[in-house]
Amino acid sequence: MGTEILQGSASAAVIEPTFNINPFQFGVASSPLRNVIWTRLAILPLARDGRAGMPDGDIPVRWKVARNRDGSGVLAEGTAYALSGNGHSARVEVAALPQATAVFYWFEYGNWRSTVGRLKTAPAANSNPSAMTAAVISCANFEHGFFHCYEHIADHEVDVVIATGDFTYADSYNPGYGSKARSHLPAGECFTLADYRLRHSQYRADPQEQAMRASAGMVLTLDDHEVDDDWAGSTPDYLEDAAANSGPGTFWERRHNALQAHWENTPLPFMMRPVRSLMPNSYQTLNWGRLADLHLLDTRQFRSRQDKGRRFEENRYMLGPDQLAALGDSYRGARWDLLVNQVVMAGWTHGGPGTEKASDSWDGYRAERRRVIRQWSDRRVANPVVLTGDVHFGGADSVFDDFDGLSTKAPEIISSSITSGGDLEGDWAGSRVVLDALPLHMYHRRRGWTKLDITSQRIHIQWRGTEVVSARAAQPDRIFQSADISAGQHDFSNTSW
């Protein structure tokens, strides 16, 4: 049995109610970062108060981890508490599991049992695994379509799902960004804790999302839409009036509510728990043996406010000094260093429509980008690769230092949106003049995800997805483009474009 287990303890009155329906309505999730397994209880998933129909009090649930999907070969088990103060979510860290192994887990309460989830544990930090597979996802707007790509990811049973942000949208519908396939709850934007809990409940109740979460462990970093579009540090959307956009109370209160709901509804380890309106340990690194290190960046909480007129100034921060130093210290000579990053790092400033968006990407923080690139040189990072979402298209570009003659430093893989933008060209329709001005090697405008097959010699990339997300009916999983990144080359090869 496992001996290194962190599962939290009851913080309120412990109750054991009787349920007439299965209370595991939100499915399960896991993460290879600290071997987290997660669930959240619900009997009325879409209750308007965000409490999912649950009574006051902490509820004990049993959990088990086994070698086999049928439940045989139990490796660890115990009791965790679905905490009332955390939206009746429960999480467990089970460190003492076999490494580099697919294990299976589930939760039980009374005669009820959750679905069975699969978690691939990380290899030992100093081991040399031959390969790993990953799915990169971004921008899943419930209103813009159905999560067909999540079902496709579940079919592949990758080692890890990498979420680069916008896993949940707190925004209201914007008719300029694709058609509306279904409606958010509550209507409009989220401000209160009840608002955010209900919005997360709607996403977690989605069967396609549940299938993906059960198929593989996840690592997640949040971007803007989990809180408020284009927020930065202590300020809400810089393109809107800050006072009007803060909603009831202050933006700090709104940020606290958003981070609390994000914590309750995702398989984050205990060290990433928010403290009031701050998630201080949001940036972490997952070691996949010596093959790859996944560095989870946070480009929202610690950044300077967007200001396109000051984008060259030295005292402008995207990560902030503490996170930048931690990133530098995390480089340890892995074959690949994957920066799990929210917004485009490559050159993004351009003329024409949409120019102001450069303030929200790394182009608005050029000195910070230069500091990151200098770290690669100072720490002798052999193969940095940037993983990005945000812009609702799949793409390949190059990160360069525009202070030293535009020499290429790292390839950047942009994963398209799961649904955001709706069918086909979505929110980039008619903006070809903008796209042509960007330093992109390739882009596609379909909804999708990105599959990475990683070995010590190369990363094979497939930009996959579907042409239709507005229809509920099943859709095919297509390969739109493919390419390789060979170790030591810092560029794309064997491209299909």
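Trainee: What makes Ala154 buried?

Mentor: Ala154 has a relative accessible area of 15%. Buried means under 20% relative accessible area, exposed means over 50%, and partly exposed lies in between (1.4 Å probe, protein chains only). Ala154 is therefore buried. Please note that this is a predicted model, in which local features need pLDDT of at least 70 and side-chain atom pairs count only at pLDDT 80 or more, while totals for chains, interfaces and linings use all residues. Residues are numbered from 1 along each chain as its sequence is written, and side-chain values use heavy atoms, with hydrogens and water left out.

Trainee: Where does Ala154 lie, and with which residues is it in contact, leaving aside its neighbours within four places in sequence?

Mentor: Ala154 belongs to helix H1; helices (H or I, at least four residues) and strands (E, at least two) are DSSP runs, numbered from the N terminus. Contact means heavy atoms within 4.5 Å, and with those neighbours set aside, Ala154 is in contact with Ala211, Met212 and Ser215. The C-alpha atoms of Ala154 and Ala216 are 7.6 Å apart in space, although 62 residues separate the two in sequence.

Trainee: Why are H1 and H3 called roughly parallel?

Mentor: Helix H1 (residues 148–156) packs against helix H3 (residues 207–215) at an angle of about 25°, and their axes are 8 Å apart. Axes are lines fitted to C-alpha atoms, for helices over the stretch in contact, and angles run from 0 to 180 degrees between N-to-C directions. Angles under 35 degrees count as roughly parallel, over 145 as roughly antiparallel, 65 to 115 as roughly perpendicular and the rest as oblique. H1 and H3 are therefore roughly parallel to each other.

Trainee: Which residues make the contact between H1 and H3, and how do they divide?

Mentor: H1 contributes His148, Tyr150, Glu151, Ile153 and Ala154, and H3 contributes Gln208, Glu209, Ala211, Met212 and Ser215. Five of these contact residues are nonpolar, three are polar and two are charged. Here Ala, Val, Leu, Ile, Met, Phe, Trp, Tyr, Cys and Pro count as nonpolar, Asp, Glu, Lys and Arg as charged, and the others, Gly among them, as polar.

Trainee: What makes H6 roughly parallel to H7?

Mentor: The axes of helix H6 (residues 321–330) and helix H7 (residues 366–378) come within 10 Å and cross at roughly 20°. That angle makes H6 roughly parallel to H7. Leu324, Ala325, Leu327 and Gly328 of H6 meet Glu368, Arg371, Val372 and Gln375 of H7.

Trainee: How do you know that Asp360 and Arg300 form a salt bridge?

Mentor: A salt bridge is a side-chain nitrogen of Lys or Arg within 4 Å of a carboxyl oxygen of Asp or Glu. For Asp360 and Arg300 the N to O distance is 2.9 Å, and the pair counts as a salt bridge. By this rule there are 27 salt bridges. Asp360 is buried, at a relative accessible area of 2%, and Arg300 is buried, at 0%.
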